[in-house]
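Me: I would like to go through a structure one question at a time. Please show it before we start.

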Amino acid sequence: MAVLHTKAVTVILSVTVLLGLLYLSQYYRIYLSFEEKWKTVEAGSAIETTKFSQPGIDLHLVSPEHLKYNQPSIVHGRADVVTVTPWLAPVVWEGTFNSFLLDSIYKRKNITIAATVFAVGKYIMFLKDFLQTSEEHFFVGFRVDFYVFTDRPNEVPKVNMAAGRKLTVRSVPSSNRWQEISARRMEIIQNLIEEKLQNRADYIFCLDVDSKFHGRWGAESLGELVAVIHPGYYRDDRSKFPYERRPASNAYVAPGEGDFYYCGGAFGGLMQEVHLLAKTCRKNFEDDTKKGIEAAWQEESHLNRYMWINKPSKVLSPEYLWQDFKPKNPEVQIIRFSGVIKNYANIRPN
């Protein structure tokens, strides 16, 4: 009886081992198959994204050893403003970051920041102040490449730029409608990234020329996709935001939807993220045009629709694009970048 029992146990163990080996064999074949498919997918992705791959970008935040700075706190800080969005993106205000620490981290990365600005028609008059103040406040100590798009290249002012900073002028056609100038921006930004900026810059910011820098704009603003809160609506209920409200438009945001109202005059991020934004907004704008629709605020409407769906990874407070005609609210401790006072009737073609 004991012998029979021993044989039965042996048979059971043998079958178990056999099944285990079969399972492992099958698992290994599946793993190899998955690995091959993954390599194929990776290869396909690389083909699709070669133009916008950024091998030089290291997202690790490595501080220099023995760097001395004030101890951070999670119980003391700004209590008068919100500093994080519901999707956990930081909202950058004065007093929420250590500029010395951030510069120490990012300057070691040897990054290049591109900045685009459009000075078409009479808007060329704002370019000198924009460039001069950018030298004082915009990513000081970093490598910065400015790209100016204008129909008046001979009127671009001469501005002394620090080492590692340069200005490139690109000609664009003029227009009889300011709305068309505004609408072309996304197409031009998309083309610039595809034709010029691959492997030449790490981050890009797209800024309005009729504005001046008044304070630091630096590494605290870097992120994958960066939006700036519009100064005119940040205290309002979203029912008052000037979103595009026609359902037929690709920029449509329905009542009760949306997060914040973002500026079309300042946005940025990693090159591939801004490329995707510009490419998508351009396509949506062109699709609207085929339907005879022009969104309420042109590219700004399409940008707001895009960033409602594709949440920005960092949100800059209204410090980063104020309006000179507005008195400074108590929570705005510093104005870093601001639209100048102007008479639109004198500078816009229509």
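Me: How many aromatic pairs does a search of the whole structure find?

Reply: Residues are numbered from 1 along each chain as its sequence is written, and side-chain values use heavy atoms, with hydrogens and water left out. Rings of Phe, Tyr and Trp (its six-membered ring) pair if their centres lie within 6.5 Å; planes under 30 degrees apart count as stacked, over 60 as edge-to-face, and the rest as tilted. Under this rule the search finds 24 aromatic pairs.

Me: What kind of aromatic pair do phenylalanine 260 and tyrosine 262 form?

Reply: A pair of aromatic rings is described by the distance of the centres and the angle of the planes. For phenylalanine 260 and tyrosine 262 the distance is 6.1 Å centre to centre and the angle is 70 degrees. The pair is edge-to-face.

Me: Is tyrosine 262 buried or exposed?

Reply: Buried means under 20% relative accessible area, exposed means over 50%, and partly exposed lies in between (1.4 Å probe, protein chains only). Phenylalanine 260 is at 27%, so it counts as partly exposed. Tyrosine 262 has a value of 1%, so it is buried.

Me: Which residue in β9 is the bridge partner of valine 226?

Reply: β7 also pairs with strand β9 (residues 314–316), in the parallel sense and over three bridges. The β9 partner of valine 226 is lysine 314.

Me: How many of the five residues of strand β7 are buried?

Reply: On one side of β7, Leu225, Ala227 and Ile229 are buried, and on the other, Val226 and Val228 are buried, which leaves both faces covered. Strand β7 (residues 225–229) is therefore largely enclosed by the rest of the structure, its buried residues numbering five of the five.

Me: Is threonine 85 buried or exposed?

Reply: Threonine 85 is in the loop between α1 (2–49) and β1 (91–92). Not counting residues up to four places away in sequence, threonine 85 touches Val91, Phe260 and Val315; contact means heavy atoms within 4.5 Å. Its relative accessible area is 3%, so threonine 85 is buried.

Me: Which residue does UniProt list for "active site"?

Reply: The residue is found in helix α6 (residues 298–309), and at 14% relative accessibility it counts as buried. Beyond four places in sequence, its contacts include His230, Tyr261 and Tyr262. UniProt positions follow the numbering used here, feature names are shortened, and annotations may be inferred rather than shown by experiment. The unreviewed UniProt entry lists Glu300.

Me: Which strands stand at the edges of the sheet, each with a single partner strand?

Reply: Three strands form an open sheet with mixed pairing, in the order β6-β11-β10. Each edge strand has one side left without a neighbour in the sheet because it has a single partner, and these strands are β6 (211–213) and β10 (322–323).

Me: Which residue in β11 is the bridge partner of lysine 212?

Reply: β6 and strand β11 (residues 337–339) run antiparallel, joined by three bridges. In β11, the partner of lysine 212 is serine 338.

Me: Is valine 144 buried or exposed?

Reply: Valine 144 is in strand β3 (residues 143–150). Lysine 166 is 22 residues from valine 144 in sequence, and the two are 6.7 Å apart C-alpha to C-alpha. With a relative accessible area of 0%, valine 144 is buried.

Me: Over which residues does pLDDT stay under 50?

Reply: The mean pLDDT of the protein chain is 86, and 81% of its residues reach 70 or more. Where pLDDT is low, the predicted coordinates should not be read in detail. The stretch under 50, with one contact beyond four places in sequence, is residues 21–51.

Note on methods: This is a predicted model: local features need pLDDT of at least 70, side-chain atom pairs count only at pLDDT 80 or more; totals for chains, interfaces and linings use all residues. Helices (H or I, at least four residues) and strands (E, at least two) are DSSP runs, numbered from the N terminus. Two strands pair if DSSP finds at least two bridges between them. pLDDT is the predictor's confidence in each residue, from 0 to 100.
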